Amino acid sequence: MDLDSVECVSPYDGLEEETSHLHPPFSKSHGGAAADGVAPLPAISPTTSIHELLECPCPNGHTLCSTCKTRVQNRCPTCRQDLGDIRCLALEKVAESLELPCKYSSLGCPGIYLYYSKLKHESQCNFRPYNCPYAGSDCSVIGDIPFLVDHLKDDHKVDMHTGCTFNHRYVKSNPREVENATWMLTVFHCFGQYFCLHFEAFQLGMAPVYMAFLRFMGDEGDARNYSYSLEVGGNGRKLVWEGTPRSIRDSHRKVRDSHDGLVIQRNMALFFSGGDRKELKLRVTGRIWKEQQNQEPGVCIPNI
């Protein structure tokens, strides 16, 4: 239930109470007999939880949360009167004092938070699901890392590799006709983690470029434990990029538009390709290593 704004509406006398299709928190057996045709307030036992008091709607108090208010089209499901914009300050104070589990507790988050702290935590929770990192389509699938790995393999048919080094060749005929192109995503499994290698063509201002970059399938804090290098070359020349993989929490487009990777101008890419420059033939090599204290720079720890 969204408690951003809690509505408190006075009961409307004389209208027959209708059954709500939402989640009534109280049984009709609560409380005593009605007086003068007005339903009595429910008797709240000492064991009644604050969560029950705030469930919506309460047939006798006509209290709805902002989420339910939208669902019932701004009309009270009990008395059918317009709800208006009356704030229930008492319930807002109650909401402020609630201690609630993170909504991602089923995914492993153990935290308990005050309501407004909970909202901030959930926006950054390490257990919140990830978006699918596939860049070739607008995929809306979300899930944890094991689920997304299976999804990438089974649904997107991506290339899956094991190891911390790679040697990929990207070929494209008529490269001068390519303004925006995305090559198949490649996923590497090393050090018990998964990494996504992206390669694509796009316009950088007026200049067409190719770009390769790596993303880490996990959170940013864990991504900083790893580094990677990319190298492309030909005709006695080469370009080298070294950096930290970005978390897939950052969208593919965000990483691409920040130019956080190996960027190759088209003319340079065609120079590396050799021949008559009518076909793109780029060989991109790279490696991934884990950063550790007392480790010699550039040492790639074997993936056991």
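Predicted model: local features only at pLDDT ≥ 70, side-chain atom pairs only at ≥ 80, totals over all residues.
Two strands count as paired here if DSSP finds at least two bridges between them.

**Strand 11 and its partners**

Strand 11 covers residues 193–204.

| Residue | Bridge partner | Strand of the partner |
|---|---|---|
| Thr-182 | Glu-200 | strand 11 |
| Phe-188 | Phe-195 | strand 11 |
| Cys-196 | Arg-215 | strand 12 |

Now for the turns. Strands 10 and 11 form a hairpin with two residues between them, and Phe-191 in that turn has a positive phi of about 55 degrees. Strands 11 and 12 form a hairpin as well, with two residues between them; in this turn Gly-205 has a positive phi of about 70 degrees.

**Helix 4 and its two faces**

Elsewhere in the chain you will find helix 4, residues 115–124, in which Tyr-115, Lys-118, His-121 and Glu-122 are buried. Why do they lie on the same side of helix 4? Because they cover an arc of only 110 degrees around the axis. As a rule, an α-helix has 3.6 residues a turn, so residues three or four places apart point the same way. Turned away from the buried side of helix 4 is a face that carries the exposed residues Lys-120 and Gln-124.

Technical notes. Residues numbered from 1 in each chain as written. Heavy atoms only, no water. Helix = DSSP H or I, 4+ residues; strand = E, 2+ residues; numbered from the N terminus. Buried < 20%, exposed > 50% of the residue type's maximum accessible area, 1.4 Å probe, protein only. Arc of directions from axis to C-beta.
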